[in-house]
Every structure is written in structure tokens, then in C-alpha cells.
Amino acid sequence: MLTNPILAIDGYKVSHREQYPQGTTRVYSNFTPRSDRFFSSPLPDGQLVFFGLQGFLQWFMVDLFNQQFFARPEEQVVGEYKALMDSYIGQDRVSVEHIRALHRLGYLPLHIKGLDEGSKVNMKVPVLTITNTRDEFFWLVNYLETVISAELWKASTNATIAHHYRKICQMWAARTCDDMTHLDFQSHDFSFRGMSGMHDVAQAGAGHLLSFKGTDNIPSILYAQRYYPTDGDYFVAGSIPATEHSVMCMGEQDAEIETFRRLIEDLYPQGLVSIVSDTWDYWRVLTEFTRELKAKIMARDGRVVFRPDSGDPVAILCGSGADDDRSPTRSAEEKGSVEVLWEIFGGTVNSKGYKVLDPHVGLIYGDSITLERAQEILRRLEAKGFASSNVVFGVGSFTYQYHTRDTFGFAMKATYGEVQGVGRPIFKQPKTDGGLKRSARGLLRVIRDERGDYQLLDNQSWQQERQGELKTRFLDGKLYHQESLEQVRQRLSATLAE
């Protein structure tokens, strides 16, 4: 467990301070998504949803540094640093005086500017810049590169993926639904158990909450409330009572229908309840149990949601047969879950001509959902004459964990420095690279073009750099221009109407 944040570095960062040219007094760097070459979506737009900076700044740059570095005795934190470096690099080979000087200063002498969170950003446009505010601490800028990268890439990546789920759901709702009231809950976060620890769960899960309000990831709700607080009793997210396989198994296979009966009659006689239905024979549940329990289900003031949890989600929901096959001899598997429930419970036909299941029943599929599968499910539902609102997706770690920093090519690079009081634009342009790693040059400014998209201007003067869309978010240990989850959500939501 990391306690001293000054040690949240790659090992090679230790020696960089002395490697800079003599007389270096400033380093100016940026954090930028460079490419979406690894990201696929049925509705690609080549943009990143920027998210996570405010939470990182509060948690790491303010709270953790204040509590575990500045508030602790100088000899203790300096001693920790020296003891590790003596064993890691060699006895007395790494100076500790710069660490001592930082502790005595009492704050991080940095200026971090960032774009508005919830904004959509083109590739190769920086989402933040960082520089030092005191000459002697030039080394601190890129010293923090590793932790900045580690903490920010995934929150933005998952916020982007969730946004694409929202785009897919919204597109099919516009075609097949009378209203959009179901959209906030059509993708439900099931990813907790497949993520990389509690902080990852909370931070990455908050990215899902920019586009949806359904989640089983309670730490992400707490994260959003703590780091993106909204005034008043603001609704962040919610869920419903739901079973798991241990519950169904404990009721025993021969008495499975009695477990269903107890759930819908005794425990949850009203409201929504989700029941995992494939513990043994899913199609028996959907074709036999539903008929036997139909009167009880229809008498409830609420919805019974059936949850298949295995098999091909497209085929389970939409059927293994052809979409235009209306043969009465088709099996339940060929018809698919939505059509089977329609035959038993009926429903209504909306103004656009699509079938909507009776509100007493519903479906959620929560295993191995991807953007491509979500698109195919909703496409096939339309082909079969059903509204997209008939299903909910449980989006898990199969979606949110199978990505890396390279999904959007995130990198933090220095583009400007000052040596002996003279500024120098710097850049990298490897001949062995195809252009991905070519950096911007000099001081940077981000503006909006005539379409409202962010565009990068490099080689700027300091006066120009102070303008544009990058706003001060952190300066000398304090946060600025903080925003609520509601503001971030509204900013991203507005892009769906563009």
C-alpha cells in the first residue's frame, strides 16, 4: 500500500533531475491521446471523452500529498526516500535535498491546466498541461508523469466506451421508441469483480456514470459524490434487488419455480426485481414458469426482470432463427427471449409501430456484452419489430477491463523548457516511427474551431498560452474551476444532440 506519494514513480525518474542541462529552471509538458487505432465502435467518431482529472487532483495531488507527505515529519518522509534509494540505486548515490526542500516548501509548486471534463476531444489534442511555478522544482513536472498517466488514461477510456454504449442505445431508441426515459438505465455497470482493485473500481466506474445512472458498482457512486459533488440531494445512480446463482441453487433445482414464487410474491410483491434465470434450464423458465406464474406477475405493481447469464447474448435475446421467420413451429431458442415473453405477456405497439413488452416483465443480459453485440442485438430487435427499450445490458469487465493506455495512445511529453532563463521549444520526432509518437512543439494552446471542436496550436508565446480552453485546475497546492458530476454529465449529454 503506497503511503508516501513522492515514491509513486517509475524508477528511472529518480535520476532525471541531474540529467537535465545545468541551469534548467522550467519544464512544460502535456498529456495527450494520440490515436484511437485500437478502439472499435459501431458508431466511431475518433474522439475521446475526457474525464478523471478533478478526482485525481483532489485524491493524489491534494489529499495524499498533504496527509502522507507534507503533514508527516520531515525526517520521516526524507528518511523513507533515502532508505529506498540507497537499496534501489546504491548507497548515497541519490541526493535527498530536493525532497527535503519540497517538504519544507509545504505544497506542490505546479500549475496544471485542463480541458472541461465531459468534453469530447480529437486525437492529438492535449487534455492537460503541467509546468512548475518555482525554478528549483523544474524536476517535479515529469517526475509525476507516470502517476498522471496511470491515473487518467482509464477513467477517460471507460467514459468514452460508456458514451458509445449511450450513442448506440440512443440511436435505436430514436428509431424504435416513443420516448427516451429508459436510456439512463439501459446499460448497467457489472464490472466491479473484474477490475484491478478498489481504487480502479471506483475511478473507472465513475466513467460509466457520465452516460448512465444504472450501476452495481457502489464505490463509483461514492467516488462521484466525493470528488464531483453536486449541491442538494442529487441522484448519482441506482439499482434494484437482484438474485445470484447461489440464491437460486440454494433453493434447489426441483423447487426452482418456488424460488421464483417466493421472490415475486413474498419478498418483492411490488417494484422491480431481477431474477437470474439460467441456473439450470433457461428456456424452461421462460416458457413454463412464466405461464404458471403469469397471474402473479401481472398482478404485481412492478416488473419482473429475467436475467439470462450464459450463451450467445445476441441469440439468447433475439433468437437463433432468421429475423423474418414467423413460422409457428419455431422453438423458443429460435424465437429468442423477447419474442417468447411477447407471446406470453403481450404488450403494446408504439406510435412508430414497434412492440413494447408489457411493463410487468423485462430482460437484462449481463454476460460478455460488447459494443458490437449491443449494436447487433438492437438491430435485430428492430428487424423483428421490437422497440430497443425491451432489453437492458449488463456491461461488465469484458467491456471495461480489456483495454490499455494504448487504446487511445495516451502519452505525457515535454514540449518546452527554460535553461539559464532562455526558453526553448522541444519535441520528439523518431525516424523509426510512423508519426504516432511525433510530439507538439513549444508552449501549447487549445482553441475551438468554427464547428466547436478542440484544436491544438503549438509554438505559442506565453501570452497566447494563457488563453484558450485549457483552464487552471491546480495551482500551488489548490484546486480551481471545480465542477459537479451534474455539470460533467450535462456537457457530455449535449454532444449527443449535435
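Author: A salt bridge is a side-chain nitrogen of Lys or Arg within 4 Å of a carboxyl oxygen of Asp or Glu. A search of the whole structure finds 32 of them. This is a predicted model, in which local features need pLDDT of at least 70 and side-chain atom pairs count only at pLDDT 80 or more, while totals for chains, interfaces and linings use all residues. Residues are numbered from 1 along each chain as its sequence is written, and side-chain values use heavy atoms, with hydrogens and water left out.

Reader: Which residue forms a salt bridge with E145?

Author: The partner of E145 is K13, with the closest N and O atoms 2.5 Å apart. Helices are DSSP runs of H or I of at least four residues, numbered from the N terminus. E145 lies in helix α6 (residues 145-176) and K13 in the segment before α1 (16-19), so the pair ties together parts 132 residues apart in sequence.

Reader: Are E145 and K13 buried or exposed?

Author: Buried means under 20% relative accessible area, exposed over 50%, and partly exposed in between (1.4 Å probe, protein chains only). Both E145 and K13 are buried.

Reader: Where do E376 and R379 lie?

Author: Both belong to helix α15, three residues apart, about one turn of the helix. E376 is partly exposed at 28% relative accessibility, and R379 is partly exposed at 34%.

Note on methods: Helix = DSSP H or I, 4+ residues; strand = E, 2+ residues; numbered from the N terminus.
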